[in-house]
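Hi,

Here is the structure I promised to pass on.

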Amino acid sequence: MLKIKDLRVSYGKLKVLKGVNLEIKEGECLGVIGESGTGKTTLALSIMRLVDEDSSASLEGEIFFQEKNLMEMDEEMIRKIRWNSISIVFQNKEDALNPVHTILDQVKEPIMENGGESKKEATEKAIHLLSQVGLASRCIKAYPHQLSEGEKQRSLLAMALANDPEVLILDEPVSSLDTTSKADMITKIKRLSRGYSVLVVTHDISTVAKLTDRVAVLYGGRIVELASTPLLLSNPRHPYTRGLLRSYPNMTTTKDLQGMKGRMQPVEKGCPFYPRCTQVVDVCKRKNPELQKIGERFLACHRGGILPFLKVKNLTKYFDSFRAVDSVCLTLYEGETLGLVGESGAGKTTLAKSIMGLFHSEGEIYLEGEKVGERDKKFYKTVQMIFQNPRESLSHRLNVLEAVREPLDIYKIGSFRQRSQKVEQTLTEVELPSDEEFLDRYPHHLSGGEIQRVVIARALVLDPKLLIADEPTSFLDASIQAKIVRLLLNLQEKRGLGLLFITHDIALARKVSDRLVVMLKGKIVEEGPTPQILSSPSHPYTRNLLRVAPTLT
Amino acid sequence: MHIKYWEELKKDTFGKIGLVLFLFFIVIVLIAPFITRDPQVQTALVFEAPSLEHLLGTNDVGQDIWSRLVWGARTSLLVAIGVGMLSTFLGALIGASAALIGGWYEEIAMRIIDAFLVIPTVILLILVAAFIRPSIWLLIVLISFLRWQGGARIIRSQTLSLKESVHISAAKSFGASRFYILFRHIIPDLAPILVVSFIYSARMAVFMEAGLAFIGITDPSVVSWGKMMHHALNFYYLDIWKWWLLPAGMALSALILVFAFLGYSLEKIMDPRLRKSNA
């Protein structure tokens, strides 16, 4: 129905869209999501050929509507298509409504102008439309300033639908509405837009989830991921999509309000997302990745989306004849938290120590796609572990400086001064003081929370990409636990730190994990995205875990 | 738990007494050539009573007893330190390596330790010494080789628990090599145990050396408190025991006490439960 090919739009020197390819099929609802400033509205206005009104704007590329290139049409032809075949609900309601005309007049006008209907027919049609979008009859003859936000939004929708267009563009259709009006509006849109080809442009992920069939993720003027809505939302593959979903508070996921590092900034060369990405390699800075078909989705990423960072295959560990860990397979993606839940004795710690090479075990381990044999310094530089009892994991002979510096000493990184600086920097990162007095303290002078932070600092001083945290908060009280967990999640956001979060507390795992693995008697009995496991656990043991999980009632 | 051994030792009464006396012995022994005459020189002046010339008088062959007392301290301390170091080294070598290497090696090492534990070492030592009349250096080696097993057992068990301790696992998880772990973690962590083992061996060695000398089966040319007492007892009917037998016996007791005090004090420091108050 509508095909956009290599659309490039810039305002003066500012490049807003840098080659967007999109296709809206007939009767389909396509969503475009992204942060503010990614060029969503520009995309919507370009299709309407409304960008041209800005004199500094320049458009390149092709937009085919029913096989005709909109870009080659003159203003006269465009005007025939605009509002008749392609209509839009503007984001900015104040500008879109004329303050000196009543709502009815404003909806009636395009019907009369383009459809050639009589005044009476047009009035009837307009009233019918307005009641269909759920506008109360008292509002029909009101002026825009007499209406609430929601009512204005409904009026605009009615205006857009007035001439029965083929393509309907909705720019942030519900963003400014309260939740109940939003829900009502979404059902109305869904009902009224049936049969139309719809483009929904929004930052509101829930709207996209409810309205669209497919979603495109727009970042820095480029589409970075495109897939069917359920697939994209349940299993995002582009780091940006994941970051966007993680930031969004909702009732489905439990680990929300976690975003991405940095802010959007224009990129001259390379992948638009690379300054904020945590798995950047050289090529990301040099070349822009093309949108490629990978499986059932389109993805623009040099690294093929979020990397499977650590892969464990059939890991088995015997203690004499007792099988403590029994053919465990798991995958941990870059920058995600994998919660490993199970009762004590389930083999969680044994699994962690086996991965770390502290126990000899059978099975295969892959790190960034490469098979790991004997754990060497390269492995330990990428994968670090926080042990279950942090106090014991510090030598009583070493003060804070010496303890945190130890990994640097082992790797002989930098000069003595540089090492000390790195230690101070890392301590600051874990929110600990880094003055002389603190650096000189011994473990028995530190509180439980401080000890845990020192241990975290020590594990982070080598800048690992994966942290195995074995019950990192089990012996802390709730308020310190909250701080430590938030610290870990902040570090994850900042460094793209992958976390294997081992805990017996499913309530805690629920708040920190992207995915959950439930372990029982050395075996993995359940695995999946956290919300899915929480809402529909399949194994009886998981159900029991959820039943006995802490509640306040 | 981090302990500042030196600070704690200075705070403890026994530790203080032990340290002061130990330093006293060391100083005496070091300045011996300046405050004594040749202890072996025999003169015609026999059985002299104490005077300014001879602080503790002379013995049956006219040797200066004061000089022999001071030079005897040299022998005792040399044996003490020598045996302390050698037997602790042997114990650490065998005990720690058994714990670290494990397997068959550990089995064999432990059986050897067991065998040495059931050997009546004192009797064996007397027998061997009686045969070969050991010189002072040979004596050090002999005592050390017969008395390392107790230390080895303690060091092995300590090393075993250290090996499993989390901070060693943590060091491994930073990619530390075996050598790094041995020299930066295990040996420093064993240090207090090694010091105690050294002190116990030293105390035992002082006692052993004096005992063997007393029954007259060590190198006769070596000046020793044991030998002094042995000779002095032959003249118990003379007044001379007051400045011949008594000073030697007291010096011996004092040196053994030094090591006992230091050992006791260190033990208390390392096990805080033995302290009276944790102020």
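**Helix packing in chain B**

α4(B) passes α10(B) in a right-handed crossing (right-handed if the near helix is turned clockwise from the far one by less than a right angle, left-handed if anticlockwise). Helices here are DSSP runs of H or I with at least four residues, strands are runs of E with at least two, and both are numbered from the N terminus.

Before I go on, some housekeeping. This is a predicted model, in which local features need pLDDT of at least 70 and side-chain atom pairs count only at pLDDT 80 or more, while totals for chains, interfaces and linings use all residues. Residues are numbered from 1 along each chain as its sequence is written, chains are lettered from A and ligands numbered from 1 in the order in which they are written, and side-chain values use heavy atoms, with hydrogens and water left out.

Back to that helix pair. Helix α4 of chain B covers residues 65-101, and its axis comes within 7 Å of the α10(B) axis, the two crossing at roughly 140 degrees. (Axes are lines fitted to C-alpha atoms, for helices over the stretch in contact, and angles run from 0 to 180 degrees between N-to-C directions.) α4(B) and α10(B) are therefore oblique to each other; angles under 35 degrees count as roughly parallel, over 145 as roughly antiparallel, 65 to 115 as roughly perpendicular, and the rest as oblique. By class, the contact of α4(B) with α10(B) has 17 nonpolar, 7 polar and 1 charged residues. Nonpolar means Ala, Val, Leu, Ile, Met, Phe, Trp, Tyr, Cys and Pro, charged means Asp, Glu, Lys and Arg, and the others, Gly among them, are polar.

α10(B) (residues 178-214) also packs with α8(B) (residues 149-163), at an angle of about 155 degrees and with the axes 10 Å apart. That pair is therefore roughly antiparallel, and α8(B) passes α10(B) in a right-handed crossing. On the α8(B) side the residues are B:G151, B:I154, B:I155, B:Q158, B:T159 and B:L162, and they meet B:I186, B:D189, B:L190, B:I193, B:L194 and B:S197 in α10(B) (contact means heavy atoms within 4.5 Å). This contact of α8(B) with α10(B) has 7 nonpolar, 4 polar and 1 charged residues.

α4(B) and α8(B) pack too, at about 40 degrees with their axes 7 Å apart. That makes α4(B) oblique to α8(B). Here again the crossing of α4(B) past α8(B) is right-handed. Among the α4(B) residues that meet α8(B) are B:G91, B:A92 and B:G95, and the α8(B) residues include B:I155 and B:T159. The contact of α4(B) with α8(B) divides into 8 nonpolar, 4 polar and 2 charged residues.

As for chain B overall, there are 12 helices and 0 strands, and its C-alpha atoms fill a box of roughly 75 × 50 × 30 Å along the principal axes.

**Where the chains meet**

17 residues of chain B are in contact with 22 residues of chain A. The area buried between chain B and chain A is about 1900 Å², with carbon and sulfur atoms giving 62% of that; buried area is the accessible area (1.4 Å probe) that two parts lose on being put together, summed over both. The count between chain B and chain A is 1 salt bridge, meaning a side-chain nitrogen of Lys or Arg within 4 Å of a carboxyl oxygen of Asp or Glu. A:R397 forms a salt bridge with B:D189, with the closest N and O atoms 2.4 Å apart.

**Within chain A**

Over all chains, the structure holds 36 salt bridges. In one of them the side chains of A:D514 and A:K255 meet, at 2.9 Å from N to O. A:D514 lies in the loop between α20 (506-512) and β21 (515-520) of chain A and A:K255 in the loop between α11 (239-247) and α12 (282-286) of chain A, so the pair ties together parts that are 259 residues apart in sequence.

Cheers
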